[in-house]
Amino acid sequence: MNGQMMQQPLLISSLLVHAERHHAEQQIVTRRVEGDIHRCSFRDLAVRSRRMAKAMQALGVTPGQRVGTLAWNTYRHMELYYAVSGTGAVLHTLNPRLHPDQVVYIADHAEDQVLCFDLTFLPLVEAVASRVATIKHFVLMTDRAHMPAASKIPNLLCYEDLLEAQDDRFVWPQFDENSASSLCYTSGTTGNPKGVLYSHRSTMLHTFAAALPDSLNCSSRDVILPVVPMFHVNAWGLPYVACMVGAKMVFPGAGLDGKSLYELFEGEKVTVSAGVPTVWQGLLGYTEANGLKFSTMRRTVIGGSACPPAMMKTFQETYGVHVLHAWGMTEMSPLGTVCTLKPVHDALDAAGQRAIQAKQGRAVFGVDMKIVDAAGHELPWDGKATGELLVRGPWIVNQYFKAEGGDPLIPDADGRGWFPTGDVSMIDPDGFMQITDRSKDVIKSGGEWIGSIDLENIAMAHPKVAMAACIAAFHPKWDERPLLVVMKKPGTDLTRDELLAFYEGKIAKWWMPDDVVFVDAIPLGATGKMQKNKLRDAFKSHKLPTA
Ligand code: AMP
C-alpha cells in the first residue's frame with residue numbers, strides 16, 4: 001500500500017522560493033572582485049536568479065546541458081547556483097587554481113556550453129578560450145563599466161547586460177528530482193580528474209543533513225562566511241543551507257588573506273565560517289600578529305584535511321571559537337562526518353574534549369560507514385582496528401561522469417554497493433571515526449602502518465612550525481620510514497634534534513620520524529591541501545640517517 005502524501009520533487013529552486021518568501025530581507029554581502037563591498041537581499045537573489053535563468057535559456061542552454069563557472073564566492077556565483085540548476089541545466093564549477101591544461105580537459109570532458117567567469121580569471125580564460133571545444137558563450141561576471149575595452153575572446157558577453165535584457169517573469173520548472181543539478185571534478189592527484197554529478201535530490205537531502213544541529217548547525221540567526229570555495233564541492237553546501245534556514249551570507253570574493261577575511265568577519269558580524277586548515281593559518285597569523293580577537297564568531301567548520309589539534313586549541317582557548325571538525329569528499333557532496341561532542345563528553349576537561357575533536361567525527365544521518373581489512377572483512381568499531389573506510393548513502397557517488405574509471409563501488413552481500421573512500425581510519429565504540437591516513441600516504445614500516453596525520457599534528461603543535469608533512473622515505477631494512485618535511489614559522493630557528501625531542505613521550509618509539517628536512521614551502525594543491533605526492537617525488541632519493 002502506498003502512502004497518500006503529495007508527490008513533490010525535491011528541487012533546488014524550492015530553496016530559493018522559500019528564501020524569497022520567508023527571508024526576503026535577509027542580506028547577502030560580497031567583497032566584490034571589482035573592489036567594493038556589495039549588499040543585496042534574498043529577494044534580489046531570487047529576482048536576479050529568475051532573470052539569469054531566462055538569460056541562460058536565451059543563450060540556448062537546455063536541460064541537462066552544462067554551464068561552467070570559474071568564479072570566487074560571490075552573490076553572482078550564488079545566483080548561477082540557482083539560475084542554472086533551477087532550469088534543469090547543470091552547473092559545472094571549475095577550479096581556477098588548476099593548470100590551464102586541466103581546465104581545458106575538464107571543460108571539454110564536461111562539454112560545457114557556456115562559461116561564466118570573474119574578472120580575475122580573464123587572463124586564464126583568454127589563454128584557454130581557443131582551445132576549448134564546446135563552449136559557445138563566454139560571460140564575464142561583471143557590469144558594463146568593468147568590461148575590458150578589448151579582449152582576445154570574440155563576442156565576450158557581460159553578465160549584467162544579460163540580466164538587464166530579461167525580466168523576472170519566470171516560474172521554476174518542475175521535473176524529476178533525480179535530474180542532474182551540478183558537476184564537480186575531483187582534484188585527483190593521479191590520472192585525470194573525474195566528474196561527480198550531483199542531482200537535485202542528492203543536493204536537497206545533503207542540505208537537510210548539513211543544516212542539522214549536530215551537523216553544521218545553521219539557523220536564521222547565523223551569519224555564514226564560507227571561505228571554502230564555491231568551486232570546491234559547492235562550498236560544502238552552504239549556499240543551499242543559507243536559503244533553507246534564512247541565514248545571512250557573507251562572501252569574501254578574492255580576498256582570502258588574513259586581513260581581508262578578518263575585516264569581513266568583524267564588519268559583518270559573522271557567526272559561522274568554514275574552510276580547510278591552511279586558510280585558517282593565514283587568518284590566525286594575522287590576528288596573532290595584530291593582537292586581535294573575534295567578537296561575533298562562535299564556530300568554524302574545519303575539514304578537507306585533518307585539523308591539527310594545536311589549531312583547535314588556539315581557536316577555542318585564545319579566541320573562543322568552537323571548532324567543528326568535519327570530513328567528507330567531492331564524491332560525498334561532501335559531508336560524511338562531523339565531530340560534535342555528545343553529552344557524555346561534557347565531563348571531560350578541555351584537553352580530553354580536544355582529543356575527541358581531533359577525530360573526524362560521527363556520521364551525519366544518511367551516511368552509512370564501515371571499515372574493512374585488506375581482504376574486505378568488516379573490522380570492529382573498537383577505536384583500535386584500522387582499515388579502509390567505505391561509505392554509502394543518498395548523496396554519495398554511484399558512478400563517475402561518463403562512467404569514467406568503471407564501476408567504483410564494492411558490492412555487498414545485500415546487493416548494494418559501498419564507495420571506497422581511499423581513507424584509512426578507525427572507529428571508536430561511540431561511532432567517532434578517525435582518519436589515520438589517505439591510503440596513498442600510508443607509511444608502511446616493516447609491514448606495520450604508521451599514521452602520518454598523527455605525526456604531522458605533533459609537529460604542528462611546536463611553536464616554531466608553520467606547516468609539516470610526513471611522508472614515507474625508503475629504508476633498506478624497514479621498506480619505509482617516516483620523514484618529516486617542515487616549513488618553519490618566519491624568523492624562527494629550529495633544528496632537527498629540537499623537533500625530534502618534541503616527539504619524546506608523545507608516540508611509540510618506533511613511530512619516531514627518522515629524519516627532518518626543512519623547506520621554504522610545502523606545495524599545496526588546488527583545494528589547499530598539502531601535495532604529499534610532490535614531496536615524495538622530491539625526496540625519493542633522500543638518504544635517511546638510519547638507513
Ligand atoms: P576532496 O574530494 O578533494 O574534498 O578530498 C577528499 C579527501 O580529503 C578525503 O578522502 C580525505 O582524504 C581528505 N579529508 C577531508 N576532510 C578531512 C579531515 N577532516 N581529516 C582528514 N582528511 C580529510
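**Reading a residue, a helix and a ligand site**

Modeller: Let us begin with Thr421, which belongs to strand β20 (residues 417-427). Please keep in mind that this is a predicted model.

Colleague: Is Thr421 buried or exposed?

Modeller: A residue counts as buried when its relative accessible area is under 20%. Thr421 has a relative accessible area of 2%, so it is buried.

Colleague: Which residues does Thr421 touch, leaving out those up to four places away in sequence?

Modeller: Contact is taken as heavy atoms within 4.5 Å. On that basis Thr421 touches Trp327, Met329, Glu388, Leu389, Val391 and Arg438. With Leu389 there is also a polar pair: a polar side-chain atom of Thr421 is 2.7 Å from the backbone oxygen of Leu389. Trp72, by contrast, is 349 residues from Thr421 along the chain, and their C-alpha atoms are 28 Å apart.

Colleague: Which residues of helix α13 are buried, and why do they line one face of the helix?

Modeller: The general idea is that an α-helix has 3.6 residues a turn, so residues three or four places apart point the same way. In helix α13 (residues 350-357), the buried residues are Arg354, Ile356 and Gln357. Viewed down the axis of α13, these buried residues fall within an arc of 155 degrees, and so they line one face of the helix. They pack against α12 (309-319) and β14.

Colleague: Which polar side-chain atoms lie by oxygen atoms of the ligand?

Modeller: A polar side-chain atom of Asp423 is 2.6 Å from a ligand oxygen atom. For Lys529, an N or O atom of the side chain lies 2.7 Å from an oxygen atom of the ligand. Gly304 takes part through its backbone, where a polar atom is 3.0 Å from a nitrogen atom of the ligand.

Colleague: How much of the ligand does the protein bury?

Modeller: The ligand taken alone exposes 500 Å², and the protein buries 91% of that.

Methods
Residues numbered from 1 in each chain as written. Predicted model: local features only at pLDDT ≥ 70, side-chain atom pairs only at ≥ 80, totals over all residues. Heavy atoms only, no water. Polar contact = N/O pair within 3.5 Å; in protein donor to acceptor, adjacent residues only side chain to side chain. Areas by Shrake-Rupley, 256 points an atom, 1.4 Å probe, with all protein chains shown as cover. Buried < 20%, exposed > 50% of the residue type's maximum accessible area, 1.4 Å probe, protein only. Helix = DSSP H or I, 4+ residues; strand = E, 2+ residues; numbered from the N terminus. Arc of directions from axis to C-beta.
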